[in-house]
Amino acid sequence: MHGYRAVHIIAQVDGFPVEIQVRTGAQDRWAQIMERYADVYGRDIRYGELPPHLNAVDRKQVAEFVDNLKAVGEVLAELEDVWDATHRTALKIRLLRQQREEHRATRRIRRSLEAAEAEMTRLRREYEKVDKALSTALLTG
Amino acid sequence: MRYFLLVYDRRRHRITTHLEFPFERRDDALAQRAALVREHREDPDLEIVLLGANTFDDLKKTHSRYFKTVDQLAKQKTRRPLERVEV
């Protein structure tokens with residue numbers, strides 16, 4: 001599907017391949033919307049094919065909807081990048097705090113911790129911004 | 001966990017068959033699914049699925065498109081995962 005985002009894992013269970021699809025809440029919401037729309041306008045729209053039986057007005061409307069949903073997928077990707085960076089920074093902060101407790105609070109540790117905490121604040125703001133953009137895009141798409 | 005055998009009509013946005021099987025009766029559920037697939041093989045609008053879940057309400061979350069319109073899906077709230085990141 002154009003714009004579909006998820007992680008698919010193939011596991012071997014008792015010698016049989018089993019596909020496990022892992023999605024975030026937002027990724028799943030995106031996929032459910034596209035699937036539901038495809039239920040109405042034809043399964044092929046998931047791959048960019050417009051149904052031939054539609055009139056020009058409906059074709060335009062369906063094409064716009066699919067394009068909007070693709071754009072939402074891009075915002076979603078941006079949100080995931082911020083989310084990943086947030087987790088990496090949270091881990092860094094925890095490690096630095098641990099170092100601060102275990103060793104003398106050196107200037108290097110203090111500076112690194114301050115920088116990581118500032119980065120965390122920036123990422124939280126960025127996340128709020130992108131999350132809001134995603135909600136708006138979903139509602140207007 | 002229980003098994004839920006559903007026939008979903010994509011165009012009419014309706015579940016036309018809903019059968020439930022306890023976990024131990026998986027083979028019966030699979031046989032019933034195969035029978036339904038044979039019965040409806042000419043109808044491309046029907047989706048015949050066997051799903052495992054604790055409750056029917058859980059399916060409403062994992063397969064929300066069977067139960068909601070595009071508008072309802074778009075307006076649905078996504079959990080905000082960032083609030084769970086602790087430092």
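Predicted model: local features only at pLDDT ≥ 70, side-chain atom pairs only at ≥ 80, totals over all residues.
For the complex, the predictor reports an ipTM of 0.81 and a pTM of 0.77.

**Helix 1 of chain A**

**Where the chains meet**

The contact between the chains draws 21 residues from chain A and 16 residues from chain B. On the chain A side, helix 1 (25–41), helix 2 (56–102) and helix 3 (107–140) each supply at least two residues. Which of these elements gives the largest share? Helix 1 of chain A does, with ten residues. Sorted by class, the chain A side that touches chain B holds eleven nonpolar, four polar and six charged residues.

**A residue in helix 3 of chain A**

Ser112(A) sits in helix 3 of chain A. It counts as partly exposed because it has 17 C-beta neighbours inside 10 Å, while the cut-off for a buried residue is 20 or more. Ser112(A) and Ala56(A) lie 56 residues apart in sequence, and their C-alpha atoms are 59 Å apart in space.

**Chain B and its sheet**

Now over to the partner. Chain B contains three helices and three strands, and from the N terminus on they run β-β-α-β-α-α. Of its 87 residues, 18% count as buried. Among contacts in chain B with a separation of 6 or more, 44% join residues 24 or more positions apart.

The three strands form an open sheet in the order 2-1-3, with antiparallel pairing. Strand 2 and strand 3 (46–53) of chain B are the edge strands, each pairing on one side only. On average, neighbouring strands of this sheet are turned by 15 degrees against each other, direction ignored.

Strand 1 and strand 2 of chain B pair in the antiparallel sense over eight bridges. Two of the facing pairs are set out here.

| Residue | Stands opposite, in strand 2 of chain B |
|---|---|
| Tyr8(B) | Ile15(B) |
| Asp9(B) | Arg14(B) |

The hairpin made by these strands has four residues between them, and His13(B) takes a positive phi near 50 degrees there. How many of the nine residues of strand 2 (residues 14–22) of chain B are buried? The count is zero, and this strand is hardly covered.

Chain B averages a pLDDT of 90, and 89% of the residues score at least 70. Within chain B, confidence is highest in strand 1 (residues 2–9), at a mean of 97, and lowest in helix 3 (residues 70–75), at 83.

Technical notes. Residues numbered from 1 in each chain as written. Chains lettered and ligands numbered in written order. pLDDT = per-residue confidence, 0-100. Buried ≥ 20, exposed ≤ 12 C-beta atoms within 10 Å, placed from the backbone. Pairing = 2+ DSSP bridges. Contact = placed C-beta atoms within 7 Å. Nonpolar A, V, L, I, M, F, W, Y, C, P; charged D, E, K, R; others polar. Axes fitted to C-alpha atoms, helices over the stretch in contact; angles between N-to-C directions.
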